[in-house]
Each structure stands twice: as C-alpha cells, then as structure tokens.
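Subject: Structure for your files

Hello,

Here is the structure I said I would send. Please open it first; my notes on what was found follow below.

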Amino acid sequence: MLIKHGMVYDCVHREPYEADLRLENGRIAEIAPDLSPKAGEEVIDVIGLRVYPGFIDAHSHLGLDNYGMGYEGRDYNEMNDIVSSQLRGIDGFNPQELGVGKALAGGVTTVGTGPGSANVLGGTFFAVKTYGHCVDDMVVRDPVAMKCAFGENPKRCYQNKSDSSRMTTASKLREMLFAAQDYLARKEAAGNDITKQPKYDMKMEALVPVLKGEIPLKAHAHRADDICTAIRIAKEFGVKMTLEHCTEGHLIPDVVAASGFPAAVGPTLTGASKIELVNKSFETPKVLSEAGVQVSIITDNSVIPQEYLPLCAGLAAKAGMDPFAALQAITINPARHLGIEDRVGSLEIGKDADVVLTKGDPLVSDSTIAAVIVNGQKVVG
C-alpha cells in the first residue's frame, strides 16, 4: 500500500510535513515525498488528510470489562484473593467485545490492558492490537507489567476480609516481594538440581520477572501519599515501576520527576467518585510533563470509553499542556510506557504499519477518523 500526499504527524518531529508512506509486509517501508507506485501496489491518495500513528492507551481494561454486559462481563478483578500475581490479563481478553471495535473505529490501535485495582497484586497486563479475532494473534507483548494497587480500592474490596488500612496494603505487597526474593534465591542456589529447588509456586513465578527487572510494577496510585508509598517500595526492592493514574501528581511533581518513573495520567473525564479523586485535574499532565516526567494520558476504559482517548489529550492541551506533548502522550509515550516503542507509537521506517487518517486535528472534537490501518491492512474507512 502506498499512501500519497498526506500531512504526516510522525510523533517524533514537532512539525508536520507532507510525505508519502509505503507499507509493506505489515511494516512501514518508506517515508518520503513523491514516491512512485510499484507494480500491483494499492495507492491511497489522502490529500487534505492528516496522517498519524495509531493511538495507544497505556492503561485500559478493554476486552476484560465487556461493553454492555454489566457484572456478567466483568473479567478484570478477582474478588476472592487479595494477592493474585499469578493471573494473566490475556486469559480474560475478549476480542469480540463491542468496546474493542469502538476503540478501533476511534483510531486506538494498541492498548495495555489487564486486571483492575481490587487487589494488592492483580496479575499481568499485556499489550494488544485492537484488530483481530483471537487474542493470541493480536498480542504485541505479554506481559508488559505486574499490576499492584494502593489507596481506597483494596481497602474497600477486602475491608471485611484482610485489608482495612493503607498500612496493610503496603505490608502485603512487601510480604509478597520478600517471599519472591527468597523463592528466586532458592531457585538460583539449587541450579539444575530439581531435588533442591523450591516447590513450584505460580504466584512467586509471576513475580520473578519483576525482581529481575524484566517488567515493572504497574502501580495504581491516586493520592499523593500513595504515590510516595509506591515509589518508596519500588526503591526498597530495586524494581522498576510505572505510576498509574497519578491523580495528585501535580501536587508533588518534584517527587514524581525525581523517581524517574513514568506516569500514566487519568481517567480525568469523569467526576470524583471517591475521596482520593477530589483533586483530579486536566492540568496534571501539563504540570508533570513540564517537570520532566514521561507522561501518558489514559482512559482507564471502561471508566472513559476507549475511543475518547484523543479527546482526553485534547482536553489536557486545552488546560495548558503543550499540544505536541499531548499528542505524544497518546502515541510514543504510552508505547515507551509499555516497552513496545520498537513496534508502535510513531511513524518510522521498520515499525508496524498502524496508521490513522483524520479530517482535522484529532485532539479537537469536531475532527473525524477517515480511515484506520493496522499491520498494513485498512480495517476502518
């Protein structure tokens, strides 16, 4: 496929430029002006349209919180075990969920999706394309992170079982990380001698990639003190972390920036449904970005419908965020957040041919999606 005469917003260069894109074997093969069609190549003239990489959400529950199905469709929280590190988001993903198609039609071509925040440890997130019929064929990377949660949610969900304070939440996470350290040390000491290895433990095995630095903890934290607790524990154990929601991050931008951890900010297009959200603001992405934090903007779908991701970035820009930074917050930054920037997030040679064609600025509400291309295949428009 050859896309001709587009105004390219590659999310690498601040200024757009007119160029053609050649897509071959599901990848971007060339980006240059005045490319000549090859024999048998489909040519799409997009003069007057804007060309963007597919939009990306670093924090969603798409495919696990099934659209329009109520409680029956909710497969993103395990309510019987507060520490469920062994769970895998991929096992709950439903490609036929109506919300997946809505996301695709809205130009969101990749999401990081997985367990919710009911548990101190909820299981693994994975990165997945929004086009396909079987999740195994849609995966970009699995796993990308281990979900953990601070604040009101674990307390509320387990207050009559095993958790009624923030101290308890922190202690349970520490307990699991200490146990996983011990488990890993015993495995390494035993080497190939199976008689000396510890008994197989799925919860511990799931935490080994966290301890080895292969995936980060994905820390649900709204309030400023919860953000600080998350950072404290990550530093104690020397593990990687991403800060999820980061609702009061604008109150402690220096702390967040000093941590070096990226922040996925949102969902902001909602009211304050609980006390830890009272300081929610669309200015948060601006403040954190200007402090030097790598910021992604998120919907937390289904809290905000997945297709409204560009609108959320637009509202952040309206609140003062640099528009280019806001665009990067739904493209290359979430790709980096999920560790898949080698595949998606920008229009560059060699990356997946995920392209969104728009009439007007997608960060403005009166723009429209003209077409969506995933892996070099036109799937919308």
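Predicted model: local features only at pLDDT ≥ 70, side-chain atom pairs only at ≥ 80, totals over all residues.

The accessible surface of the chain comes to about 15600 Å². Carbon and sulfur atoms account for 49% of that surface. Of the 381 residues, 55% count as buried.

As to size, the C-alpha trace spans about 65 × 50 × 40 Å along its principal axes. The radius of gyration is 21 Å, which agrees with the value near 21 Å for a compact globule, because that is what the globule rule gives for 381 residues.

The secondary structure comes to ten helices and 16 strands. Taking contacts between residues at least 6 apart in sequence, 68% join residues at least 24 apart.

**Cysteines**

How many disulfides does the structure hold? The count is zero. For Cys-157, the closest cysteine sulfur is that of Cys-148, 15 Å away. A disulfide needs two cysteine sulfur atoms within 2.5 Å, so the sulfur of Cys-157 is too far from that of Cys-148 for a bond.

If you are thinking about cysteine accessibility, Cys-134 has a relative accessibility of 34%. Cys-134 therefore counts as partly exposed, since that class lies between the 20% limit for buried and the 50% limit for exposed.

**Two asparagines in loops**

Asn-80 is in the loop that runs between strand S6 (55-60) and helix H1 (98-105). Is Asn-80 buried or exposed? Its relative accessible area is 68%, so Asn-80 is exposed. Asn-119 is 39 residues away from Asn-80 along the chain, and the C-alpha atoms of the two are separated by 9.3 Å.

Asn-301 also has a loop position, between strand S13 (295-297) and helix H8 (309-318). With a relative accessible area of 6%, Asn-301 is buried. Which residues does Asn-301 contact, leaving aside its neighbours within four places in sequence? They are His-59, Ser-60, His-61, Leu-62 and Gln-306.

Regards

Note on methods: Residues numbered from 1 in each chain as written. Heavy atoms only, no water. Buried < 20%, exposed > 50% of the residue type's maximum accessible area, 1.4 Å probe, protein only. Helix = DSSP H or I, 4+ residues; strand = E, 2+ residues; numbered from the N terminus. Rg over C-alpha atoms; globule rule 2.2 N^0.38 Å. Contact = heavy atoms within 4.5 Å. Areas by Shrake-Rupley, 256 points an atom, 1.4 Å probe, with all protein chains shown as cover.
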